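Trainee: Please take a close look at one part of this model for me. I would like the aromatic rings and how they pair.

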Amino acid sequence: MSVEATYLGMPVEITELDQENLAYFQHCADHDYHLQACNECDLLRYPPTAACPWCSCLESSWKPVEGKGVVYSYEEVAHAIQPAFKAHLPYLVLLVELDTQRDHPTEHESLRIVANLTDANGDLATPELVKEVGIGTRVKMVFKDVADGLSMPHFTIDEDAAQPDKPWRYIYE
(Lines give C-alpha, C1' and ligand atoms only; values in the text may rest on other atoms or scores of the structure.)
Protein backbone atom coordinates (compact mmCIF):
# COMPACT_ATOMS: atom_id res chain seq x y z
CA MET A 1 0.00 0.00 0.00
CA SER A 2 1.54 3.31 -1.10
CA VAL A 3 1.34 6.45 1.02
CA GLU A 4 0.74 9.85 -0.54
CA ALA A 5 0.37 13.21 1.20
CA THR A 6 1.35 16.86 1.14
CA TYR A 7 3.63 18.18 3.85
CA LEU A 8 4.44 21.90 4.11
CA GLY A 9 3.25 22.34 0.54
CA MET A 10 5.43 19.55 -0.87
CA PRO A 11 4.24 16.16 -2.14
CA VAL A 12 5.33 13.07 -0.22
CA GLU A 13 5.03 9.62 -1.76
CA ILE A 14 6.26 6.30 -0.45
CA THR A 15 5.55 3.52 -2.92
CA GLU A 16 4.98 -0.19 -2.37
CA LEU A 17 8.47 -0.84 -3.74
CA ASP A 18 10.01 0.92 -0.73
CA GLN A 19 9.11 -1.63 1.94
CA GLU A 20 11.67 -0.40 4.49
CA ASN A 21 10.41 3.18 4.47
CA LEU A 22 6.76 2.09 4.41
CA ALA A 23 7.35 0.07 7.58
CA TYR A 24 9.31 2.92 9.20
CA PHE A 25 6.60 5.49 8.53
CA GLN A 26 3.83 3.07 9.60
CA HIS A 27 5.39 2.97 13.07
CA CYS A 28 5.66 6.77 13.01
CA ALA A 29 1.97 7.00 12.06
CA ASP A 30 1.24 5.06 15.24
CA HIS A 31 3.40 7.60 17.18
CA ASP A 32 5.61 4.69 18.16
CA TYR A 33 9.23 5.02 17.07
CA HIS A 34 10.87 1.84 15.77
CA LEU A 35 14.14 1.16 13.97
CA GLN A 36 15.47 -1.89 12.19
CA ALA A 37 17.68 -4.19 14.24
CA CYS A 38 19.94 -6.63 12.45
CA ASN A 39 18.96 -10.24 13.13
CA GLU A 40 22.64 -11.24 13.16
CA CYS A 41 24.59 -8.53 15.03
CA ASP A 42 21.52 -6.92 16.72
CA LEU A 43 22.67 -3.36 15.95
CA LEU A 44 19.99 -0.78 15.23
CA ARG A 45 20.28 1.28 12.06
CA TYR A 46 19.00 4.48 10.51
CA PRO A 47 17.92 5.22 7.85
CA PRO A 48 15.93 2.09 6.97
CA THR A 49 17.90 -0.12 4.58
CA ALA A 50 17.75 -3.57 2.96
CA ALA A 51 20.97 -4.78 4.61
CA CYS A 52 22.92 -4.19 7.80
CA PRO A 53 25.70 -1.63 7.22
CA TRP A 54 27.98 -3.42 9.71
CA CYS A 55 27.66 -7.13 8.87
CA SER A 56 25.64 -7.09 5.58
CA CYS A 57 22.95 -9.40 6.95
CA LEU A 58 19.73 -9.10 4.91
CA GLU A 59 17.40 -10.02 7.79
CA SER A 60 16.13 -7.49 10.31
CA SER A 61 13.34 -6.88 12.81
CA TRP A 62 11.67 -3.67 13.91
CA LYS A 63 12.35 -2.75 17.55
CA PRO A 64 10.91 0.08 19.64
CA VAL A 65 13.35 2.89 20.39
CA GLU A 66 12.96 5.70 22.90
CA GLY A 67 13.27 8.87 20.85
CA LYS A 68 15.43 10.84 23.28
CA GLY A 69 18.93 12.12 22.74
CA VAL A 70 21.27 15.05 22.36
CA VAL A 71 21.85 17.42 19.46
CA TYR A 72 25.10 16.17 17.93
CA SER A 73 25.12 18.76 15.14
CA TYR A 74 22.68 20.97 13.29
CA GLU A 75 22.17 23.17 10.29
CA GLU A 76 20.33 26.46 10.58
CA VAL A 77 18.60 27.11 7.28
CA ALA A 78 18.35 30.83 6.53
CA HIS A 79 17.60 30.62 2.80
CA ALA A 80 14.81 28.30 1.67
CA ILE A 81 15.58 26.42 -1.52
CA GLN A 82 12.06 25.01 -1.48
CA PRO A 83 9.46 27.84 -1.61
CA ALA A 84 7.21 25.95 0.82
CA PHE A 85 9.77 26.44 3.60
CA LYS A 86 10.22 30.22 3.14
CA ALA A 87 7.53 31.07 5.68
CA HIS A 88 9.33 28.94 8.30
CA LEU A 89 12.78 30.59 8.17
CA PRO A 90 15.03 30.18 9.99
CA TYR A 91 14.55 26.50 10.78
CA LEU A 92 16.87 23.84 12.13
CA VAL A 93 17.75 20.45 10.70
CA LEU A 94 19.10 18.42 13.61
CA LEU A 95 21.46 15.48 13.77
CA VAL A 96 20.45 13.84 17.05
CA GLU A 97 22.51 11.17 18.76
CA LEU A 98 19.99 8.88 20.44
CA ASP A 99 20.56 7.64 23.98
CA THR A 100 19.75 4.17 22.65
CA GLN A 101 22.88 2.39 21.38
CA ARG A 102 25.18 5.28 22.33
CA ASP A 103 28.84 4.45 21.59
CA HIS A 104 27.96 1.29 19.66
CA PRO A 105 29.31 -0.30 17.56
CA THR A 106 32.12 2.17 18.43
CA GLU A 107 32.26 5.52 20.18
CA HIS A 108 32.34 7.13 16.71
CA GLU A 109 29.34 5.28 15.28
CA SER A 110 26.41 5.94 17.58
CA LEU A 111 22.83 5.92 16.36
CA ARG A 112 22.12 9.35 14.85
CA ILE A 113 18.81 10.55 13.40
CA VAL A 114 18.16 13.52 11.08
CA ALA A 115 14.97 15.52 11.68
CA ASN A 116 13.67 19.06 12.01
CA LEU A 117 13.38 21.01 15.25
CA THR A 118 9.73 21.61 16.13
CA ASP A 119 7.63 22.76 19.03
CA ALA A 120 5.87 20.18 21.22
CA ASN A 121 2.99 19.98 18.69
CA GLY A 122 5.29 19.04 15.80
CA ASP A 123 5.11 22.44 14.08
CA LEU A 124 8.41 23.83 12.79
CA ALA A 125 10.14 25.81 15.53
CA THR A 126 9.75 29.56 15.83
CA PRO A 127 12.85 31.76 15.43
CA GLU A 128 12.87 32.21 19.23
CA LEU A 129 12.93 28.46 19.80
CA VAL A 130 15.63 28.03 17.14
CA LYS A 131 17.91 30.37 19.14
CA GLU A 132 17.60 28.16 22.25
CA VAL A 133 18.98 25.02 20.60
CA GLY A 134 22.59 24.11 19.92
CA ILE A 135 25.00 21.23 20.20
CA GLY A 136 24.39 19.51 23.52
CA THR A 137 20.69 20.39 23.81
CA ARG A 138 18.60 17.46 25.07
CA VAL A 139 15.67 16.67 22.76
CA LYS A 140 12.83 14.17 22.47
CA MET A 141 10.86 12.89 19.51
CA VAL A 142 7.43 14.22 18.58
CA PHE A 143 5.27 13.29 15.60
CA LYS A 144 3.38 15.53 13.19
CA ASP A 145 0.35 13.88 11.61
CA VAL A 146 0.36 14.65 7.89
CA ALA A 147 -2.33 12.30 6.54
CA ASP A 148 -3.98 9.01 7.43
CA GLY A 149 -1.12 6.56 7.82
CA LEU A 150 1.65 9.18 7.70
CA SER A 151 3.31 11.10 10.52
CA MET A 152 6.68 12.84 10.37
CA PRO A 153 9.15 12.25 13.21
CA HIS A 154 10.71 15.47 14.55
CA PHE A 155 12.52 16.59 17.69
CA THR A 156 11.62 19.20 20.27
CA ILE A 157 13.43 20.40 23.40
CA ASP A 158 13.07 17.85 26.21
CA GLU A 159 11.74 20.07 28.98
CA ASP A 160 12.15 17.24 31.54
CA ALA A 161 15.86 16.74 30.87
CA ALA A 162 18.79 18.66 32.34
CA GLN A 163 19.99 21.12 29.69
CA PRO A 164 23.45 22.63 29.21
CA ASP A 165 23.80 26.17 30.58
CA LYS A 166 24.70 27.40 27.13
CA PRO A 167 24.57 24.94 24.22
CA TRP A 168 27.25 25.47 21.59
CA ARG A 169 25.96 27.39 18.55
CA TYR A 170 27.54 28.56 15.35
CA ILE A 171 28.12 32.30 15.26
CA TYR A 172 25.87 33.88 12.63
CA GLU A 173 25.62 37.49 13.71
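**The aromatic cluster**

Mentor: Tyrosine 46 has 26% relative accessibility, so it counts as partly exposed. Keep in mind that the model is predicted. Tyrosine 46 belongs to one aromatic cluster, formed by Tyr24, Phe25, Tyr33 and Tyr46.

Start with the ring angles. A pair of aromatic rings is described by the distance of the centres and the angle of the planes. The count comes to six aromatic pairs. One of them joins tyrosine 24 and tyrosine 33. Their centres are 5.8 Å apart and their planes stand at 80°, so this pair is edge-to-face. Tyrosine 24 also pairs with tyrosine 46. Here the centres are 6.1 Å apart, the angle between the planes is 50°, and the pair is tilted.

Now place that second pair in the chain. Tyrosine 24 sits in helix H1, residues 19-29. Tyrosine 46 sits in the loop between strand S4 (44-45) and strand S5 (60-64). The pair therefore ties together parts that are 22 residues apart in sequence.

Next, burial. Tyrosine 24 has 4% relative accessibility, so it counts as buried. Tyrosine 33 is buried as well.

Serine 151 touches Phe25, and its other contacts include Cys28, Ala29 and His31. Serine 151 lies in strand S10, residues 150-157. At 1% relative accessibility, serine 151 counts as buried. Its side chain makes a polar contact of 2.5 Å with the side chain of aspartate 145.

Definitions and conventions. Residues are numbered from 1 along each chain as its sequence is written. This is a predicted model: local features need pLDDT of at least 70, side-chain atom pairs count only at pLDDT 80 or more; totals for chains, interfaces and linings use all residues. Side-chain values use heavy atoms; hydrogens and water are left out. Helices (H or I, at least four residues) and strands (E, at least two) are DSSP runs, numbered from the N terminus. Buried means under 20% relative accessible area, exposed over 50%, partly exposed in between (1.4 Å probe, protein chains only). A polar contact is a pair of N or O atoms within 3.5 Å; within protein, one must be able to donate a hydrogen and the other to accept it, and residues adjacent in sequence count only if both atoms are side-chain atoms. Contact means heavy atoms within 4.5 Å. Rings of Phe, Tyr and Trp (its six-membered ring) pair if their centres lie within 6.5 Å; planes under 30 degrees apart count as stacked, over 60 as edge-to-face and the rest as tilted. Lists of a residue's contacts leave out its neighbours within four places in sequence.
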